[in-house]
Amino acid sequence: MSWDLLWSLLLACALVYLGVQLIRFVRADGDLTLLWAEWQGRRPEWELPDLVAWVTGASSGIGEELAYQLSKLGTSLVLSSRNADKLERVKNKCLEISNLKEKDILVLPLDLTDRSSHEAATKKVLQYFGQIDILVNNGGRSQRSLFEETNLDVYKEIMDINFMGTVSLTKCVLPHMIERKQGKIVTTSSLMGLGGVALVSGYAATKHALHGFFNSLRSELAVYPEITVMLICPGPVQSNIVENAFCEEVSKKVENTGNQDYKMATSRCVRLMLVSMANDLKEAWISEQPYLSFCYIWQYAPTWAWWLTNKLGYRRIENFKSGLDADSSYFRPLEKKSN
Ligand SMILES: NC(=O)c1ccc[n+]([C@@H]2O[C@H](COP(=O)([O-])OP(=O)(O)OC[C@H]3O[C@@H](n4cnc5c(N)ncnc54)[C@H](O)[C@@H]3O)[C@@H](O)[C@H]2O)c1
């Protein structure tokens, strides 16, 4: 074989390899560390059984799915949100699909805004299980309204739930983790904790606040290397988030929730959350494209990124006002994702 032919073959192989990697990158639904952890890292099945996880916002969406996947791994659960009946339903399904026993799941109704109740709730969990290995600060509400049309009370309420509620519960649980010199504090932030788009100014503010808070706390806890502070940043995921979102007034409900089927399946988002927990990732971006690309552009070319974000922001408002989901149909037709 001639050298020319050999070089051509090698070049063709290299191009095919690069092409495959490019396609993988374009289709990726996580940041590079997370993808590596999923490929080569520790498995949730090895790391998470026999631990105790306290999940807030466990009555629907991502928190509910977390309860199901953690129960299948054999993780004991404390399930919290405001509605005891909904939590009992989740508990019963966990018992149905896993080997957990009744005693392995504690239903603990809790309102994130009722901060005076958080200390007693923490004591209850510790009395019941004796330990908290993972606190998943997942409960929260989003927003769908323009700043100009939104009452300031909405900003106060959303901050109270997403930020103050999370900080308050963390403050109650942290001394226990410090005493044991171990634990994972996992907070469901959002891609809106990294950037921002139209219709979510208050929501994005709460998630940015969580980043500032937990990134600083992580540094304060550096003397306890076995305590991990994690920020999980999902993009659009199937759940009741839009239905439960704030809009112009605190008591008003979103009128058009739009079709949510095109969003990332809840099960996939939660699987990647578990991979993040198993590998003690400090921050994980979990999202399909095109949203994931924005994380990279926001970091590396902010001025271009904001030019592009503004173009899409206009489209978001148009989508939402015409009864579609705000994020739907930027670049591609809606496709239904099985959950
Ligand atoms: N679904 C998405 O597209 C998406 C994207 C990024 C981040 N997130 C985040 O994921 C987390 C879970 O949201 P979801 O998508 O499952 O929505 P969801 O509306 O289905 O679930 C939210 C949960 O939070 C609970 N909750 C709300 N207010 C509360 C309060 N005052 N006290 C206690 N619990 C309260 C609800 O009862 C529910 O269990 C939220 O923090 C949200 O910001 C969601």
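**Figure 1. Contact of helices H6 and H7 in the predicted model.** Helix H6 spans residues 118-129 and helix H7 spans residues 152-180; their axes come within 9 Å and cross at roughly 40°. That angle makes H6 oblique to H7, since angles under 35 degrees would count as roughly parallel. The crossing of H6 over H7 is right-handed. On the H6 side the contact is made by His-118, Glu-119, Thr-122 and Leu-126. H7 contributes Ser-168, Leu-169, Cys-172, Val-173 and His-176. By class, the residues of this contact are four nonpolar, four polar and one charged.

**Figure 2. Contact of helices H10 and H11.** The axes of helix H10 (residues 291-300) and helix H11 (residues 302-321) come within 6 Å, with a crossing angle of roughly 135°. H10 and H11 are therefore oblique to each other; roughly antiparallel would require an angle over 145 degrees. Phe-294, Ile-297 and Trp-298 of H10 meet Pro-302, Trp-304, Ala-305, Leu-308 and Thr-309 of H11. Seven residues of the contact are nonpolar and one is polar, with no charged residue.

**Figure 3. The open sheet of seven strands.** The strands are arranged in the order E3-E2-E1-E4-E5-E6-E7, and their pairing is parallel. Strand E3 (105-107) and strand E7 (283-286) stand at the edges; each has a single partner strand, so one side of each is left without a neighbour in the sheet. From one strand to the next, the twist averages 15°.

**Figure 4. The shell around the ligand.** The ligand is surrounded by 28 residues. The closest are Gly-57, Gly-61, Gly-139, Gly-140 and Ser-239. Helix H4 (residues 61-73) gives the most to this shell, with three residues. The shell residues divide into 17 polar, eight nonpolar and three charged.

Conventions
Residues numbered from 1 in each chain as written. Predicted model: local features only at pLDDT ≥ 70, side-chain atom pairs only at ≥ 80, totals over all residues. Axes fitted to C-alpha atoms, helices over the stretch in contact; angles between N-to-C directions. Helix = DSSP H or I, 4+ residues; strand = E, 2+ residues; numbered from the N terminus. Parallel < 35°, antiparallel > 145°, perpendicular 65-115°, else oblique. Left-handed = near helix turned anticlockwise from the far one by under 90°. Contact = placed C-beta atoms within 7 Å. Nonpolar A, V, L, I, M, F, W, Y, C, P; charged D, E, K, R; others polar. Near = placed C-beta within 6 Å. Pairing = 2+ DSSP bridges.
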